[in-house]
Amino acid sequence: MVIREQLAQAVSEALGAIGVEPVPTNFVVERPARREHGDWSTNAALASSKAAGRNPRELGQELADYLTENRPPHVESLEIAGPGFVNFRLAPTWLYDVLTEVVEQGEQNYGSLQIGKGSSVNIEFVSANPTGPIHAGGGRWGVYGDSLARIMARCGYQPHKEYYVNDRGVQTKLFGQSLVARKNGEQPPEGGYQGEYIEQWASEMPDDVDPVSWGIERSLTDAKNVLAEMNVEFDTWSSEQALVDSGAMDAALEQLRSTGNVFESDGATWLRTSEFGDSEDRVLVKSDGELTYFTPDIAYHIDKFNRGDHIIDVLGADHHGYILRMRAALLALGKDGDRYETLIGQKVKLTSDGEEVKMSKRAGNIVEIRDLVDEVGPDVARFAYLLQSIDSPQTIDLDLLKTEASENPVFYVQYANARIHSIGAQAKERGVVRLPLAEVDLTSLTHERELEVLRQLSAFPEILEVALAERAPHKITNWVRELAAAFHGFYRDCPILRTDTDPDLQQARLWLAEASRVGLAIGLDLLGVSAPEQM
RNA sequence: GCCCCCGUAGCUCAGUGGAUAGAGCAUUGGUUUCCUAAACCAUGAGCGCAAGUUCGAUUCUUGCCGGGGGCACCA
């Protein structure tokens, strides 16, 4: 059991013992923002004073007195502070337990949670139209979705990463026509695709192929390549056309009809989505007999419901209006809405020379993810994307990522890892051997820098839990930066291999470095960023 | 008009129902006979406005102001 739970339980018991009935459950045990407020703190007295009809400071004092008499493990002293907080000061022994736990559980298991209990989660993201290069926003969703999947996997879920390919419909036809036009040296049709890439691809296109399917393949190859370079891989690429061809779409339409929520109007076929929370009804089949995007997408979501326990769609803010209609369709079909989750991300803006970069040379009116990856490399790009919440619109300064690469946060973290490996290499050279952990006395770790590293490591399980609950990979980014900062401070002030370092202390520090390495490896892996051993 | 997101330091962004709100960049200055100075240390300034809920609000609610996005028989 982790220390926080031990303390919470002790507080709960103490409240009962000093006569607070019923024992409240609305209190928390947390890490105070300020070090001088101790290692852990609880607001239990404040949270229960009103219900108990007691003065919070007096109640806090009683609580502190009781816990001083009946001390939870590692607790050295307690004090009452502020309006009624009870602060715990712990002996560093609790942090030695953390070190041991990190090392013993290792990269695979430290901080791993079983919240998901093995349930499957289907995460769909990017799903850009296969009519051209992936844009910078697509890169954000790619990195975000991939990292979220990694987080979910570490929390006991079985994530399945999926990309939906809209390989039929009006847009694909226009795309094919644009390719043909360019191949024949003509202008693309009205509403067609204008980017330079169309000319490039058209020149690659053989004469005897179907331009639409060839173009889609070309587009998907492009997308797969650039996403793979960013360490984003999908388990499944689902084809809209295949869904229609298989009859799944007709079956879905039939299923919808059987619910009595489908009607004909103005020559089109509509779904009464307004009955299920949407602002208006939506067209399933247009008056010209063509399907809308919506209809196969419903079939696709039915398919996903059949394949996964929980369904997540990662969408750009420009698609948020679409959510209610899909949810309505699923509700109309009697699906459990709790199993369907949509995550909306705000858009990305790239700047250079203080000006927004509005287009790529190749793609025309969009900024390609390719440009970013070629410019700064996958690690820098990924880390930059994962630096902030997807709820916020993001501004990425290309110049900063390029010219000040050495100041870039990703290198700061990777450099910590490189330093650890350098210590290992140096130790080997000098014949310093790390003894088994069980033979090492960790109590020599008393330096504030050493303890800070361990505090950071101890926080990881909580951070992971929050990152999962809030679907927020950037919490991991922040944590790994803080861990790196703690390590750099330790590295600076606590020499390991220097000849005047006490042998026992040296052993303890070697293990502290190893624990740091494990922590950095876990964090970087969740972000999908590499952990180079040399820089 | 309706819906969604955002408004925190000069810039880019974290963060929290609590006790003195943080980081990076930028500025200025300092640190290395010894494990990588891509490091460490120091340095000013900030929660858009107003009510409400609360023992306590920058955090929750509402309104206003400001910015972005969306309101198709496009996808």
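Is Asn231 buried or exposed, or does it count as something in between? At 33% relative accessibility, Asn231 counts as partly exposed, where buried means under 20% relative accessible area, exposed over 50% and partly exposed in between, with a 1.4 Å probe and protein chains only. This is a predicted model, in which local features need pLDDT of at least 70 and side-chain atom pairs count only at pLDDT 80 or more, while totals for chains, interfaces and linings use all residues. Residues are numbered from 1 along each chain as its sequence is written, chains are lettered from A and ligands numbered from 1 in the order in which they are written, and side-chain values use heavy atoms, with hydrogens and water left out.

**Surface near RNA strand B**

- RNA strand B is surrounded by 66 residues, of which the closest are Lys50, Lys286, Tyr415, Ser422 and Arg498; a residue is near a molecule or strand if one of its heavy atoms lies within 4 Å of it.
- Of the atoms of RNA strand B that come within 4 Å of the protein, 65% belong to sugar and phosphate.
- Polar contacts (pairs of N or O atoms within 3.5 Å; within protein, one must be able to donate a hydrogen and the other to accept it, and residues adjacent in sequence count only if both atoms are side-chain atoms) include a polar side-chain atom of Tyr412 at 2.3 Å from a phosphate oxygen of RNA strand B.
- By residue class the surface divides into 22 nonpolar, 25 polar and 19 charged, with Ala, Val, Leu, Ile, Met, Phe, Trp, Tyr, Cys and Pro counted as nonpolar, Asp, Glu, Lys and Arg as charged, and the others, Gly among them, as polar.

**Aromatic pairs**

- The structure holds 16 aromatic pairs, meaning rings of Phe, Tyr and Trp (its six-membered ring) with centres within 6.5 Å, where planes under 30 degrees apart count as stacked, over 60 as edge-to-face and the rest as tilted.
- Phe175 and Trp201 have ring centres 6.4 Å apart and planes at 80°, so the pair is edge-to-face.
- Because Phe175 lies in helix α6 (residues 170-183) and Trp201 in helix α7 (residues 196-204), the pair ties together parts that are 26 residues apart in sequence, and both residues are buried.
- Phe460 and Trp479 form a tilted pair, at 4.7 Å centre to centre and 45° between the planes.
- Phe460 is in helix α17 (residues 448-469) and Trp479 in helix α18, so this pair ties together parts 19 residues apart in sequence; Phe460 is buried at a relative accessible area of 0%, and Trp479 is buried at 2%.
- One aromatic cluster is formed by Phe125, Tyr163, Phe234 and Trp237.

**Backbone angles**

- Val126 has a positive phi of about 70° although it is not a glycine; Val126 is placed in the loop between β5 (120-124) and α5 (136-154) and, at 12% relative accessibility, counts as buried.
- Asn231, also not a glycine, has a positive phi of about 70° and lies in the loop between α8 (211-229) and β7 (236-239).

Note on methods. Helix = DSSP H or I, 4+ residues; strand = E, 2+ residues; numbered from the N terminus.
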